[in-house]
Amino acid sequence: MKDLDVLIIGAGPAGSIAASLVNQAGLTVRVVERELFPRFVIGESMLPRCMEVLEDAQLLDAVKACNFQQKFGAKFLNGTSISDFNFTDQFTEGWTWTWQVTRADFDLALINEVQRKGVPVDFQTTVTGIEFFPDESSLTTVQHIDGSEEQIRARYIIDASGYGRVIPRLFKLDKPSNLDPRKAVFAHVEDRNRQKFDEPNRIIVVNYAPGVWVWIIPFATGVTSVGIVGNFDFFATIPGDTTEQFNALVQGHPYLRERFGDVPLVFSPRKLEAWSATTERFYGKGFVLTGNVTEFLDPIFSSGVMFATVSSQLAARAVIRKLKGEAIDWENDYTKPIQQGVDTFRSYVMAWYDGTLEKIFYAQNQDPLIKRQICSVLAGYVWDQENPYVSDHAGALKRLSKLIDVRERINQPQK
Ligand code: FAD
């Protein structure tokens, strides 16, 4: 029997995008997924840059049919200060909206559509081992839910296993992140008081304490996702188990208390911790890593699904060319562009936690052009070299922060 062209590990957004594109190119593809879908996964607020990829992979209509909450921007709240970014007001041309999704439903819609297009997907099937051969083909061992084993020969593997990190773990490619470890405590709540507060069409990020913030992601169903993120030292100061910590943190902030203090939880609060990770390299002989397996930074700017989809699109396109006989320069065609996007967001993540962005977001008399340029980064357009807040991401933020300091000193009343 002819070998499978591409084996995809994982049926999250990264896996579905890759499967759909490889299938569209007329190659044979199969997806193996450890869980039974729908399954819970965090990552509910998307960025407009995802939409281009969903469209290219012919998966946009399947998601539209789910009627998820539309998302038009991001609002940051610090006490009474507000910084509102609207995706219609961007420097880079692109999509001006996206969705806020329950990921179980979003991921199910994507993989259902992939299956409908004829791609076989094996759920509850876990990759346990892989052997690569000199011609770059491979033999993957999977275990099905009934305990039986199967070996799958493929010409190429796309590892889209997210937090499973299958190939980095099997081949010891894991590398620690240079970001500090953090923790999130989160739940879905029945947002009965929503109408008295903000419109549901954006993510709201609340500055809770220095280095501690809260996501508020309303869904179309009236349920809202609420999560508190901080470092381990911060959480160590809050007594109790995860539920007690969640309740204490909600009660400890006026906005959260008023909006969520008396509403039922849809599920008991859960925690996630120390999620930042990266790998030695994003590709090797016979495989490419996509999505969270490459690098996951931090949830603050909702960049996870955007990177999952964009990296999978780029990787799938390269694998297709490779299997059709072209030589691929993996470093320049794949690693460098993805790394450049990741590094841009890394500067923003670091500037968020060191207070630089807080100063920029809540400054008086903001320059509208700079706001549009930063808005494009927040929409996921981190490959537009015309945008100085992309091309010189770290330097531009530092300079702007210094300028704000100088302006504030000049405007201070003389003693
Ligand atoms: P996943 O969605 O994790 O899918 C990988 C799949 O691979 C899984 O279904 C898994 O079961 C399967 N798998 C794993 N191991 C194996 C194996 N051995 N064999 C077979 N299958 C396997 N991102 C956003 O865009 N917006 C947000 O608001 C956001 N919030 C976040 C909040 C927190 C606290 C954290 C930690 C992350 C957040 N993220 C967010 C990031 C987001 O969760 C991920 O970036 C996104 O899910 C990555 O998608 P993926 O397709 O790469 O992986």
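These points cover the sheets and helix packing of the model above.

1. Basis. This is a predicted model, in which local features need pLDDT of at least 70, side-chain atom pairs count only at pLDDT 80 or more, and totals for chains, interfaces and linings use all residues. Residues are numbered from 1 along each chain as its sequence is written, and side-chain values use heavy atoms, with hydrogens and water left out.

2. Seven-stranded sheet. The sheet is open and mixed, with strand order β5-β4-β13-β14-β15-β12-β16. Strands are DSSP runs (E, at least two residues), as are helices (H or I, at least four), numbered from the N terminus; two strands pair if DSSP finds at least two bridges between them. β5 (81-86) and β16 (270-273) each have a single partner strand, so one side of each lacks a neighbour in the sheet. Neighbouring strands are turned by 20° against each other on average, direction ignored. Axes here are lines fitted to C-alpha atoms, for helices over the stretch in contact; angles run from 0 to 180 degrees between N-to-C directions.

3. A pair inside that sheet. β13 (202-209) and β14 (212-218) pair in the antiparallel sense over five bridges. Ile 204 faces Ile 216 of β14.

4. α7 (242-251) touches β12 (182-190), β13, β15 (223-231) and β16, and its direction makes about 75° with that of β12. α12 (368-378) touches β4 (73-78) and β5, at about 70° to the direction of β5. Contact means heavy atoms within 4.5 Å.

5. Three-stranded sheet. This open sheet is antiparallel and runs β11-β17-β20. β11 and β17 (277-279) share three bridges. Pro 176 has Ala 277 of β17 as its bridge partner.

6. α1 and α9. Their axes come within 8 Å and cross at roughly 30°. That makes the two helices roughly parallel (angles under 35 degrees). The crossing is right-handed, meaning that the near helix is turned clockwise from the far one by less than a right angle. Contact residues include Ile 17 and Leu 21 of α1 and Ala 308 and Ile 320 of α9. The contact divides into 10 nonpolar, four polar and one charged residue. Nonpolar covers Ala, Val, Leu, Ile, Met, Phe, Trp, Tyr, Cys and Pro; charged covers Asp, Glu, Lys and Arg; the others, Gly among them, are polar.

7. α2. In this helix (49-56), Arg 49, Cys 50, Met 51, Val 53 and Leu 54 are buried (under 20% relative accessible area, 1.4 Å probe, protein chains only). These buried residues pack against α1 (13-24), α3 (60-64), β6 (98-100), α4 (103-116) and α9 (304-323). Just after α2, Gln 58 takes a positive phi of about 55°.

Conventions: Buried means under 20% relative accessible area, exposed over 50%, partly exposed in between (1.4 Å probe, protein chains only). Angles under 35 degrees count as roughly parallel, over 145 as roughly antiparallel, 65 to 115 as roughly perpendicular and the rest as oblique.
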